[in-house]
Amino acid sequence: MSVALVIVSHSAQLAAGVVELAAQMAPDVVLIAAGGMDDGGIGTSLEKVMSALGLADTGDGAVVLTDLGSAVMTAEAAWEFLGSPETVLLANAPLVEGSIAAAVTAQSGASLAAVCSAAETALQAPAAAPDPGENTPAAVTEQAEDSVTAVLTLINPMGLHARPAAVLAGVLGAMDVEIEINGADAQSVMMLMTLGAAQGDELQVSATGPDAKRAVELVRTEVAAGFGEL
Amino acid sequence: MVNTTLDVTWAIDWLRKSAAVVAEHRMALIELDRAIGDGDHGENLDRGFSAILEKLDAEAPATPGTAFKLAAMTLMSKVGGAAGPLYGTAYLRAATAVGDAVELDAATLVAALTAARDGVVARGKAEAGEKTMIDAWTPAVDAATAAADSGAAPAEVLAAAATAAEVGAVATEPLIARKGRASYLGERAIGHRDPGAESSALILRAAAQAAGVEA
């Protein structure tokens with residue numbers, strides 16, 4: 001199993017929409033919407049949040065994401081009602097970006113703390129992209145300290161959009177590797193998406209760690225296959 | 001002093017009187033909130049306390065603590081706005097403070113009011129002077145503590161708390177809001193009473209009235 005997510009919003013439609021969006025990238029993660037009031041009105045309901053936490057209790061813990069002020073307070077109150085369990089974390093994160101980042105991280109089998117952290121760092125800007133001036137051949141080169149690099153060219157029409165970003169971040173997230181693409185953490189779907197890499201753009205991949213070679217080869221295979229979108 | 005024993009009958013009567021006074025002041029609270037917030041405070045609280053009335057009919061709590069817990073669950077589930085978790089936490093912490101007590105003496109009452117106030121502070125992360133519910137609750141707790149220390153009966157402690165809360169609510173008028181939606185208004189919030197402080201004063205007055213103290 002994986003860490004589950006509970007999405008708390010003032011609006012039932014908004015919570016359901018966030019779940020729909022996140023589910024595309026994390027098909028195996030339990031995602032529960034707790035939006036709106038019992039009568040369908042705008043607001044947050046303790047009962048709805050507590051029942052969602054019950055449904056999300058898969059044994060691996062749950063991260064709760066919230067929208068505005070009273071949603072945060074309702075989530076905190078629900079947590080207090082349940083006896084402040086250590087298996088439930090409340091993420092201080094933007095609802096949409098945080099939910100996507102958390103869902104993809106959960107899909108990779110990461111720990112409760114890692115899923116919460118992925119949500120809370122979802123808006124951090126990626127490191128500055130490397131100087132695009134130099135044109136190195138598309139080859140894997142072994143460097144000092146088992147660093148593996150590659151320069152790849154995106155060939156699929158949509159570029160590195162949400163779905164392929166989720167695929168890469170998901171698979172890479174499960175590997176023992178530090179890997180960056182154009183300076184962005186390639187284990188973070190949000191970081192990859194903020195690159196806005198389009199068809200024809202170059203990706204400079206750099207990885208270290210025990211799985212570095214396997215990770216870079218995986219990125220190469222996915223990019224060469226156009227992420228299955230050709 | 002008709003009913004000076006703070007038992008479950010008092011607790012239920014307090015909740016019923018709160019529902020009545022919130023319904024009566026529904027429009028006034030809406031207008032206060034419309035001036036500096038989103039205008040839903042009166043409607044939200046009225047919905048929450050109406051739901052408490054239905055629950056009281058169905059469940060008949062046996063102690064003040066269970067009555068407070070019923071109020072906490074219902075307000076947090078039915079109010080919708082920020083008042084739900086804030087008042088809900090207040091009643092929840094009060095329920096914990098009184099435990100299984102069948103009747104509240106002055107010291108237990110002060111402990112419950114203090115726990116309720118601390119719950120609002122923890123949940124809302126507000127401090128005194130920020131134009132919020134706290135500006136009614138903190139003077140109420142201080143007055144209740146002083147009254148209990150001087151040997152006042154529980155009903156008199158409640159009366160002191162209610163009066164201090166009313167003064168505190170009026171005193172929010174010249175303040176600039178630092179929390180909630182009113183904080184976006186800056187100096188334009190000056191001159192308007194905080195609706196949460198006002199409803200807190202109404203509800204604390206209802207507690208005193210349920211104990212037989214006429215306002």
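A pocket here is an open set of points on a 1 Å grid over the protein atoms alone, with protein on both sides within 12 Å along at least five of seven lines, and lining residues have an atom within 4 Å of a point. Its volume is the space filled by probe spheres set on the points, which are joined across faces, edges and corners.

Nineteen is the number to start with: of the 19 residues that line this second largest pocket, A:Thr105, A:Ala118, A:Asp185, A:Gln187 and A:Ser188 are the closest to its centre. Helix 4 (95-107), helix 5 (112-120), helix 6 (162-173) and helix 7 (189-194) of chain A each give two or more residues to that lining. Helices are DSSP runs (H or I, at least four residues), numbered from the N terminus.

A word on conventions: residues are numbered from 1 along each chain as its sequence is written, and chains are lettered from A and ligands numbered from 1 in the order in which they are written. In this predicted model local features need pLDDT of at least 70 and side-chain atom pairs count only at pLDDT 80 or more, while totals for chains, interfaces and linings use all residues; side-chain values use heavy atoms, with hydrogens and water left out.

Next comes the largest pocket, with a volume of about 1100 Å³. Its lining has 40 residues, and those closest to its centre are A:Met73, B:Ala82, B:Leu86, B:Gly180 and B:Arg181. Helix 3 of chain A gives the most to this lining, with five residues.

The structure also holds one cavity of 30 Å³ or more, where a cavity is a set of points at which a 1.4 Å probe fits but cannot get out. Of its 13 lining residues, B:Trp14, B:Tyr91, B:Ala94, B:Ala116 and B:Trp137 lie nearest the centre. Helix 1 (8-24), helix 5 (83-98) and helix 6 (106-124) of chain B each supply at least two lining residues.

The table sets the linings side by side by class; Ala, Val, Leu, Ile, Met, Phe, Trp, Tyr, Cys and Pro count as nonpolar, Asp, Glu, Lys and Arg as charged, and the others, Gly among them, as polar.

| Lining | Residues by class |
|---|---|
| Largest pocket | 15 nonpolar, 14 polar, eleven charged residues |
| Second largest pocket | ten nonpolar, eight polar, one charged residues |
| Largest cavity | 13 nonpolar, no polar, no charged residues |

Now to the interface. In chain A, 15 residues are in contact (heavy atoms within 4.5 Å) with 20 residues of chain B. The area buried between the chains (accessible area, 1.4 Å probe, lost on being put together and summed over both) is about 1500 Å², with carbon and sulfur atoms giving 57%. A:Met73, A:Glu80 and A:Phe81 supply 39% of the area that chain A buries against chain B, more than any other three residues.

Five salt bridges (a side-chain nitrogen of Lys or Arg within 4 Å of a carboxyl oxygen of Asp or Glu) are found across this interface. One of them joins A:Glu80 to B:Arg123, with the closest N and O atoms 2.5 Å apart. A:Glu80 also meets B:Arg93 in a salt bridge at 2.7 Å, N to O.

How values were computed: Buried area = accessible area lost by both parts, 1.4 Å probe.
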